[in-house]
Amino acid sequence: MSGPQDHALLLDRGNLKRRNRLNKLVGVVSTIAALLAVAVLLIVVGSVLSKGIGALSFHFLTTPTGLFGDTSGGISNAIVGTVILVAVAALMAIPVGLLVAIYTTEFAPNRIGHAIRFVLDLLNGVPTIITGIFVYGLMVAGNKQSGYAGSVALAIIMLPIVARTAQEVLTLVPATLKEAAHALGVARWRMTLRITLPTAAGGLLTGALLSVARVAGETAPLILTCAIFRQGVLTDPSEALASIPVFIFQSSESPSPEAHTQAWAAALILIAFVLVLNIVARAFYARSRKRMGA
Amino acid sequence: MDSRDPTESLVMTEQNPEPQASPEASPGLPRPTISVAGEAAARPAKRSREIGNVELKGLNAYYGGNHAVRNVSLGFPSAEVTAIIGPSGCGKSTMVRCINRMHEEIAGARAEGQVMLDGLDLYDSRIDIVAVRRSVGMVFQKPNPFPTMSVIDNVTAGLRLTGASRGELEDRGREALVGAGLWDEVKDRLKAPGVGLSGGQQQRLCIARALAVDPEVLLMDEPCSALDPVATLRIEELIAELKERVTIVIVTHNMQQAARVADTTVFMLNGELVEVGPTDEIFTNPNDDRTEQYVTGKFG
């Protein structure tokens with residue numbers, strides 16, 4: 001069927017040779033870019049680990065921060081504070097974010113759904129210091145700093161992350177399942193509650209965990225809303241609470257080298273927390289994708 | 001729900017503030033007086049031929065500007081299997097989806113005309129769409145059991161999610177599995193995930209799920225297109241058994257399948273009804289040239 005001149009096309013020369021070289025070049029460049037991304041993570045984690053591990057001790061984790069300039073204390077108050085701030089923020093942002101996602105994917109007309117999606121993307125792009133200033137003006141100015149103010153700022157940052165990830169996950173739920181539920185005469189809200197949400201549960205949890213991981217390290221909004229606090233481990237969000245990011249910020253501003261080491265150690269704790277959350281989130285997401293047949 | 005008038009529950013209660021759109025609507029809806037009280041207790045295989053008669057009157061369906069079903073008038077008699085054949089895109093699935101009002105779930109889709117179920121117009125403004133779907137069940141192309149639910153929970157899903165009492169679930173679930181010819185294969189793994197079954201078993205699970213809510217009509221939209229020949233045969237045997245209980249409307253691409261299972265066959269082309277007749281006649285001696293060309297494989 002093919003003459004000898006056709007076989008010539010199979011030889012590695014001319015145009016084909018050029019294409020092959022380009023192919024190799026693109027492969028090499030993108031591999032280098034990928035390695036670079038991994039290297040950045042390794043360098044950050046490695047330097048935090050090497051500089052912070054020295055100051056890390058049981059004492060450091062279980063003792064509250066000392067008075068200004070005193071580096072004999074630890075970060076127990078900051079750990080407790082961060083957990084409370086993030087938990088209160090999550091309680092505010094996750095239910096609202098989920099409901100927004102449910103509304104846009106299951107109930108809203110297409111046009112409104114797109115509009116809300118766009119608004120959420122805009123909200124996600126607002127610099128967090130702006131969010132901090134907004135909450136400062138709303139709750140702190142003329143009043144005082146508080147854990148609630150900090151949590152509200154964190155919740156505003158969380159909301160678009162929760163809502164957008166939940167939207168993506170909910171749209172992954174196969175339309176055939178929703179069809180099956182419709183065809184059985186199941187009301188829409190009941191279908192959402194009993195079919196769509198359980199099917200998407202893993203992915204929804206992933207989005208929630210990622211949003212927690214994201215705001216756990218937020219510093220700017222907390223400096224404006226929740227950074228002047230009393231000594232000792234505090235648990236009442238109606239007064240300002242210590243937090244790990246604010247501790248890192250304040251220690252790194254200090255002239256003492258011990259305080260710098262403590263900042264690195266606190267950074268190590270924060271990074272470890274975020275890494276663990278991310279890994280757990282991935283595991284849930286993998287399970288959820290399997291369930292949805294993706 | 002056993003001793004009810006089967007069509008009565010479709011109508012929304014009078015308190016429901018549904019605005020009456022059509023001023024010319026008759027003061028009372030036609031209420032067929034059908035007694036199913038006798039059947040309810042025994043749930044017999046045979047049923048009255050007066051239940052589950054579907055009649056389309058001047059049905060038109062659209063996707064936005066696309067006129068997918070054109071002025072179709074057609075009856076689906078009770079206790080019979082009617083097959084709809086025709087080339088891809090001829091409107092057969094769309095027409096069937098109008099019978100349980102699933103068509104309008106698609107954005108931009110609408111339907112006009114009448115779909116009468118035992119004399120009651122399912123497109124009347126007083127009709128509760130959700131209730132229509134309990135009376136007119138549906139099985140889809142691809143088996144779609146709920147992935148979060150066990151075998152038995154899948155079967156009873158329609159009952160549980162529409163507020164049936166806990167007590168009757170187990171019996172109704174078993175009955176539906178027996179009815180769908182799946183009981184012997186799954187009785188030892190009722191609590192296992194429904195998606196763990198084979199494709200053919202999953203499809204029979206979906207049939208059981210549709211039967212469990214006790215519909216009068218069962219719509220099947222190419223139910224075997226994702227199944228192997230053995231599983232297909234099982235479903236076809238099942239259809240033959242089920243037609244005593246429910247009116248079956250099956251859309252199929254497979255003309256042999258239509259010939260094997262259907263009492264009546266409908267041929268559609270370009271959204272129009274071309275020919276309806278006893279299956280034998282459609283395949284051996286059709287009246288319309290287009291039907292003959294299609295069934296002899298000249299196009300489609």
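Visitor: How many bridges join strand 7 of chain B to strand 8 of chain B?

Guide: This is a predicted model. Strand 7 and strand 8 of chain B run parallel. One bridge pair is B:L218 with B:I248 in strand 8. The bridges joining the two strands number 5.

Visitor: Which hand does the unit of strand 7, helix 9 and strand 8 of chain B have?

Guide: Strand 7 covers residues 217-221 and helix 9 covers 229-242 of chain B. Strand 8 spans residues 247-251. Together they make a β-α-β unit of chain B, and it is right-handed.

Visitor: Which strand of chain B is joined to strand 8 by 4 bridges?

Guide: The pairing runs parallel. B:A83 stands opposite B:I250 in strand 8 of chain B. The partner joined by 4 bridges is strand 3 of chain B.

Visitor: Is strand 8 of chain B mostly covered or mostly open, and how many of its residues are buried?

Guide: Take the faces in turn. On one side, B:T247, B:V249 and B:V251 are buried. On the other, B:I248 and B:I250 are buried too. Strand 8 of chain B is mostly covered, and its buried residues number 5 of 5.

Visitor: Does B:E222 count as buried or exposed?

Guide: B:E222 lies in the loop between strand 7 and helix 9 of chain B. Its phi is near 45°, a positive value in a residue other than glycine. The cut-off for burial is 20 or more C-beta neighbours within 10 Å. B:E222 has 20 inside 10 Å, so it counts as buried.

Visitor: Which strands are the edge strands of the open sheet in chain B?

Guide: The open sheet has 4 strands in the order 2-1-4-5, with antiparallel pairing. An edge strand pairs on one side only. Here the edge strands are strand 2 (66-76) and strand 5 (120-121) of chain B.

Visitor: At about what angle does helix 2 of chain B run to strand 1?

Guide: Helix 2 of chain B is made of residues 92-99. It lies across strand 1, strand 2 and strand 4 (109-117) of chain B. Its angle to strand 1 of chain B is about 120°.

Visitor: What share of the residues of chain B count as buried?

Guide: The secondary structure of chain B comes to 12 helices and 10 strands. Among contacts with a separation of 6 or more in chain B, 71% link residues 24 or more positions apart. Of the 300 residues of chain B, the buried share is 45%.

Visitor: Now the chain pair. Which helix of chain A gives the most to the side that touches chain B?

Guide: The contact joins 17 residues of chain A and 22 residues of chain B. Helix 8 (175-183) and helix 9 (188-216) of chain A each give two or more residues to the chain A side. With 6 residues, the one that gives the most is helix 8 of chain A.

Visitor: How many residues of that chain A side are nonpolar, polar and charged?

Guide: This is the side of chain A that touches chain B. The classes divide its residues into 8 nonpolar, 5 polar and 4 charged.

Visitor: What do the buried residues of helix 8 of chain A pack against?

Guide: Those buried residues are A:L177, A:K178, A:A180, A:A181, A:H182 and A:A183. After the helix comes A:G185, with a positive phi near 75°. The buried residues pack against helix 9 of chain A, together with helix 3 (129-135) and strand 6 (136-139) of chain B.

Visitor: How many residues does each domain of chain A give to the contact between the two?

Guide: The domain assignment gives domain 1 (14-53) and domain 2 (56-291) of chain A. Their C-alpha centres lie 31 Å apart. The contact takes 6 residues from domain 1 and 7 residues from domain 2 of chain A.

Note on methods:
Residues are numbered from 1 along each chain as its sequence is written. Chains are lettered from A and ligands numbered from 1 in the order in which they are written. This is a predicted model: local features need pLDDT of at least 70, side-chain atom pairs count only at pLDDT 80 or more; totals for chains, interfaces and linings use all residues. Ala, Val, Leu, Ile, Met, Phe, Trp, Tyr, Cys and Pro count as nonpolar, Asp, Glu, Lys and Arg as charged, and the others, Gly among them, as polar. Two strands pair if DSSP finds at least two bridges between them. Axes are lines fitted to C-alpha atoms, for helices over the stretch in contact, and angles run from 0 to 180 degrees between N-to-C directions. Domain bounds come from an automatic or database domain assignment. A residue is buried if 20 or more other C-beta atoms lie within 10 Å of its own, exposed if 12 or fewer, and partly exposed in between; C-beta atoms are placed from the backbone. A crossover is right-handed if, with the strands pointing away from the viewer, the path from the first strand over the helix to the second runs clockwise.
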